[in-house]
Amino acid sequence: MPKKAEEKIPEIKTAKQLLEEEQKIKRLKTDTPIDELIGGGIREDEVIEIYGEYGVGKTQIVFTLAAKVASEPDGHVYFIDCENTFRPERIKQIAQNKGYNPTEVLTRIHVAQPKDTKEQIGALAAIPKEPKPKLLIVDGVTTLFRAEYIGREQLSPKQQALLRFLRRIKEYARETKTPAIITNQIYANPDGTPFIPLEYRELAVGGHTLYHAINNRIFIRKAKGTTRIARLVDSSEYPQQERPFKITEKGIEPAEGGETHE
């Protein structure tokens with residue numbers, strides 16, 4: 001049957017070929033409890049969402065990961081700061097306390113601070129080919145979309161624009177073999193009750209729009225004292241499980257004990 005002009009035939013591979021390609025995929029180790037949730041590190045072709053309430057530690061997590069990656073000679077990080085919360089002083093503190101060279105770490109983290117969604121999309125398009133980043137971070141992925149698309153009549157255009165942006169991140173991660181992490185806020189689930197787990201009462205902003213563009217979704221919640229709990233909520237590869245951590249001068253570190261459940 002002849003194909004229509006608008007059709008494009010995709011590449012066809014055997015399941016064996018796909019398995020062989022899977023076995024060659026590398027992982028970016030973060031040396032944090034996050035690794036334990038996702039098979040030992042972030043796959044080089046995947047997108048991870050970290051979400052939770054304001055002040056729970058999402059940005060501290062990505063600061064820690066950025067400093068770790070940038071401590072390596074070729075460890076360039078591209079950081080899109082959508083909430084204007086990037087603090088080089090904190091990166092320097094983490095690097096110093098971990099024994100990294102703070103000047104080298106700061107030099108390898110490239111920061112874009114978009115003022116609106118057009119600049120946010122442009123920041124993604126402006127990622128340099130050289131030096132190729134080893135990690136892409138988008139901190140506050142939905143913040144600017146929420147600020148610009150206001151009202152119920154703007155809900156559909158907002159979701160469509162956000163989905164296009166997320167698809168671009170996923171395509172970039174897959175095509176360039178660059179792991180990506182996005183952080184996100186939460187909203188109260190109107191259908192939730194006190195009898196369901198917190199991660200289902202407090203949902204990530206963007207709703208189902210995000211679900212199909214994310215490989216692993218990690219919910220962060222507060223526990224006793226300074227302890228936080230990172231829970232893998234949704235994954236196509238790993239079971240739901242959680243790990244405690246704490247925020248210190250070194251960024252995030254494992255916390256002894258805590259409410260850990262498989």
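Modeller: Helices (H or I, at least four residues) and strands (E, at least two) are DSSP runs, numbered from the N terminus. On that basis the protein has 10 helices and 13 strands. The model is a predicted one, in which local features need pLDDT of at least 70 and side-chain atom pairs count only at pLDDT 80 or more, while totals for chains, interfaces and linings use all residues. Residues are numbered from 1 along each chain as its sequence is written, and side-chain values use heavy atoms, with hydrogens and water left out.

Biologist: What share of the residues of the protein counts as buried?

Modeller: Buried means under 20% relative accessible area, exposed over 50% and partly exposed in between (1.4 Å probe, protein chains only). Of the 262 residues, 47% count as buried.

Biologist: What makes R231 a buried residue?

Modeller: R231 has 11% relative accessibility, which is under the 20% limit, and therefore counts as buried. R231 belongs to strand β11. Its side chain and that of Q240 are joined by a polar contact of 3.0 Å; such a contact is a pair of N or O atoms within 3.5 Å, where within protein one must be able to donate a hydrogen and the other to accept it, and residues adjacent in sequence count only if both atoms are side-chain atoms. The C-alpha atoms of R231 and E242 are separated by 4.0 Å, although the two residues are 11 residues apart along the chain.

Biologist: Why is D234 called partly exposed?

Modeller: The relative accessibility of D234 is 33%, a value between 20% and 50%, so D234 counts as partly exposed. D234 also lies in strand β11. Contact means heavy atoms within 4.5 Å, and D234 touches N215, N216 and R217, not counting residues up to four places away in sequence.

Biologist: Why does D31 count as exposed?

Modeller: At 55% relative accessibility, D31 is over the 50% limit and therefore counts as exposed. D31 sits in the loop between β1 (27–28) and α2. Its phi is positive, about 55°, although D31 is not a glycine.

Biologist: How do you know that Q185 is buried?

Modeller: Its relative accessible area is 14%, under 20%, so Q185 is buried. Q185 is placed in the loop between β7 (180–184) and β8 (186–188), and its side chain makes a polar contact of 3.3 Å with the side chain of E83.

Biologist: How many aromatic pairs does a search of the whole structure find?

Modeller: The search finds six aromatic pairs. Rings of Phe, Tyr and Trp (its six-membered ring) pair if their centres lie within 6.5 Å; planes under 30 degrees apart count as stacked, over 60 as edge-to-face and the rest as tilted.

Biologist: What makes the pair of F63 and F86 edge-to-face?

Modeller: The ring centres of F63 and F86 are 5.5 Å apart and their planes stand at 80°, which is over 60, so the pair is edge-to-face. F63 lies in helix α3 (residues 58–70) and F86 in the loop between β4 (77–81) and α4 (88–98), so the pair ties together parts 23 residues apart in sequence. Both F63 and F86 are buried.

Biologist: Why is the pair of F145 and Y149 called stacked?

Modeller: The centres of F145 and Y149 are 6.4 Å apart, within the 6.5 Å limit, and their planes are at 15°, under 30 degrees; the pair is therefore stacked. F145, at 1% relative accessibility, counts as buried.

Biologist: How do you know that the span of α3 agrees with its number of residues?

Modeller: The expected span of a helix is 1.5 Å times one less than its number of residues. For the 13 residues of α3 this gives 18 Å, and the end C-alpha atoms are 18 Å apart, which agrees.

Biologist: Why is α3 described as largely enclosed by the rest of the structure?

Modeller: Helix α3 is described in this way because 12 of its 13 residues are buried. Among them are I61, F63, A66 and A70.

Biologist: Which residues have the most contacts inside the largest nonpolar core?

Modeller: A nonpolar core is a set of buried Ala, Val, Leu, Ile, Met, Phe, Trp, Tyr and Cys residues joined through side-chain atoms within 4.5 Å. The largest such core has 35 residues, and I109 and I218 have the most contacts inside it. Helix α3 gives the most to this core, with eight residues. Leaving aside neighbours within four places in sequence, I109 is in contact with residues including A66, A67, A70 and F86.
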